[in-house]
Amino acid sequence: MIPQKRKPVPEPDAQPFSPQFSCRATGFGFTKMKKVVLVTGANSGIGLALCERLLSHDTEGLLLCLACRNVQRAQAARAALLASHPAAQVDLLQMDTSSVSSVLRTAQEVKVRYNRLDYLYLNAGIMPNPEFDAKAFFRGLFSSKVITMFATGDGILTQKDGVTPDGLQQVFATNLFGHFLLIRELEPVLCQEGRTSQLVWTSSSNANRSAFSLEDIQHRRGTQPYSSSKYATDLLSLSLNQHYNKQGLYSSVVSPGFVMTNLTFGILPSFPAFLWTLLMPVFWLIRVFTNTFTLTPYNGSEALLWLFRQKPESLDPYAKYHSLTSGLGNNYTQPHKMDITFETSESLYIKLLQLESDTRKKLAETQSAGPSLKT
Ligand SMILES: NC(=O)C1=CN([C@@H]2O[C@H](COP(=O)(O)OP(=O)(O)OC[C@H]3O[C@@H](n4cnc5c(N)ncnc54)[C@H](OP(=O)(O)O)[C@@H]3O)[C@@H](O)[C@H]2O)C=CC1
Ligand SMILES: CC(C)=CCC[C@@H](C)[C@H]1CC[C@H]2C3=C(CC[C@]12C)[C@@]1(C)CCC(=O)[C@@H](C)[C@@H]1CC3
């Protein structure tokens, strides 16, 4: 069973003079060390909106680190954040979550730069080459499942996946496995005595048990790699709680709802962005029937921000925290029980550990073969 209640762990504020974790000696005496927040995929959409909101609500002084694949877009995001929060401390890290070596390099850099990591937002994600089934969509419009279709996108989307240079399925590697490796590598800064850290995954209401198989965790054979990767995210979060809660590390999953971002614009590529904007009144109308139509990155980041303010011990490991927006435009967060079992989450965890070990071996082999091949 998942331990729901843990022995209370002292909050960092409860030990203001612990020089190791909470304080830094300066010429002016001790100053409280800033909480460190790392966000993957922070250069656009929900990740960027979260960063903006974290800085707007920051009263204690945060150290925000944007871990992004594209350096130029990351610099632009940093500049935008600093324009509205000139005193903020915003660092950049280059990381491609789909590349094993990039993740390991970045994790190393994080450990060198920071001696603590309080929040890790695992947000980077892709839905490549989406195919929109217009017929299924119109059939769905006149069926009893219309609300579910709008809330989850079930039955109307498939994707064509690719394979990374590491030999992993692209969607699995980007959305799940790269993040898993990152967590494993960052254990020393995430699991420190006397304080808690939080992992927050951007999952989706598109996560679906029927798209996932323990025999094919990377979804090599199906046409719904996105849905599979998000279901695997939900399972992994549960098993991370099982294995890391006793070390003070907690994991939660969020569904941001349907948000207009680069990811969703890619679903109808022939549909220019301004047409999506023209459809806004239709979407506002749909929102009256399903509050999952959060639509803006700001609204979509609601549950991610809400989790930032929660005591991690009070969270339910079986819940997915949904960002929701009412018909009147009010944002709120609501937990929903996930369609997952403890046994499946443990089986996935074992498979991920095995894949991690295989991947590390493969990388070590290529690295040791590298110089001798050159000679
Ligand atoms: N929009 C929606 O309706 C929903 C989105 N989500 C999830 O929200 C998360 C954020 O997506 P969203 O804001 O919508 O879309 P965006 O496309 O705006 O953001 C995705 C972010 O992930 C980054 N990213 C993609 N691939 C990689 C990679 N290999 N390495 C590092 N970073 C990468 C992108 O960086 P780059 O600029 O380099 O591409 C970008 O910063 C995703 O996990 C998505 O699945 C969940 C439910 C609904
Ligand atoms: C053109 C009109 C009138 C409507 C748009 C229809 C679909 C393009 C749209 C309806 C529900 C949307 C949806 C998603 C993508 C776009 C839709 C299918 C997601 C699958 C996007 C990614 C996610 O993670 C899901 C939570 C979204 C669910 C709803």
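In this predicted model, Phe 258 lies in the loop that links strand 10 (249-255) to helix 9. Phe 258 counts as buried because 24 C-beta neighbours are found inside 10 Å, where 20 or more are required. Beyond the residues up to four places away in sequence, the contacts of Phe 258 are with Thr 292, Phe 293, Thr 294 and Leu 295. For one of these, Leu 295, the C-alpha atom is separated from that of Phe 258 by 5.7 Å, although the two residues are 37 apart along the chain.

Phe 258 also belongs to the surroundings of a ligand. Ligand 2 is surrounded by 15 residues, and the closest of them are Gly 153, Ser 204, Ser 205, Asn 206 and Phe 258. The shell around ligand 2 consists of 9 nonpolar and 6 polar residues, with no charged residues.

Around ligand 1 there are 29 residues, of which Gly 41, Gly 45, Ala 124, Gly 125 and Thr 261 come nearest. Divided by class, the shell around ligand 1 holds 9 nonpolar, 17 polar and 3 charged residues.

The protein chain as a whole contains 14 helices and 12 strands. Of its 375 residues, 42% are buried. When contacts between residues at least 6 apart in sequence are considered, 73% join residues at least 24 apart.

Two helix pairs that share helix 6 were examined. Helix 3 (residues 100-113) and helix 6 (residues 170-185) have axes that come within 9 Å and cross at roughly 30°. The two helices are therefore roughly parallel to each other, as the angle falls under 35 degrees. The crossing in which helix 3 passes helix 6 is right-handed. On the side of helix 3, the contact is made by Val 100, Val 103, Leu 104 and Ala 107, while helix 6 contributes Gly 178, Leu 181, Leu 182 and Glu 185. These residues comprise 6 nonpolar, 1 polar and 1 charged.

Ala 107, one of the contact residues of helix 3, is buried because 22 other C-beta atoms lie within 10 Å. Apart from neighbours within four places in sequence, Ala 107 is in contact with Leu 182, Glu 185 and Leu 186. Leu 182 and Glu 185 are among the residues that helix 6 gives to the contact with helix 3. From Ala 107 to Arg 184 the C-alpha atoms are 9.3 Å apart in space, and the residues are 77 apart in sequence.

In the second pair, the axes of helix 6 and helix 8 (residues 225-244) come within 8 Å and cross at roughly 15°. Helix 6 is therefore roughly parallel to helix 8, and the crossing of helix 6 past helix 8 is right-handed. Val 171, Phe 172, Asn 175, Leu 176 and Phe 180 of helix 6 meet Pro 225, Tyr 226, Ser 229, Lys 230, Ala 232, Thr 233 and Leu 236 of helix 8. By class, the residues of this contact are 8 nonpolar, 3 polar and 1 charged.

Methods
Residues numbered from 1 in each chain as written. Chains lettered and ligands numbered in written order. Predicted model: local features only at pLDDT ≥ 70, side-chain atom pairs only at ≥ 80, totals over all residues. Axes fitted to C-alpha atoms, helices over the stretch in contact; angles between N-to-C directions. Helix = DSSP H or I, 4+ residues; strand = E, 2+ residues; numbered from the N terminus. Parallel < 35°, antiparallel > 145°, perpendicular 65-115°, else oblique. Left-handed = near helix turned anticlockwise from the far one by under 90°. Contact = placed C-beta atoms within 7 Å. Nonpolar A, V, L, I, M, F, W, Y, C, P; charged D, E, K, R; others polar. Near = placed C-beta within 6 Å. Buried ≥ 20, exposed ≤ 12 C-beta atoms within 10 Å, placed from the backbone.
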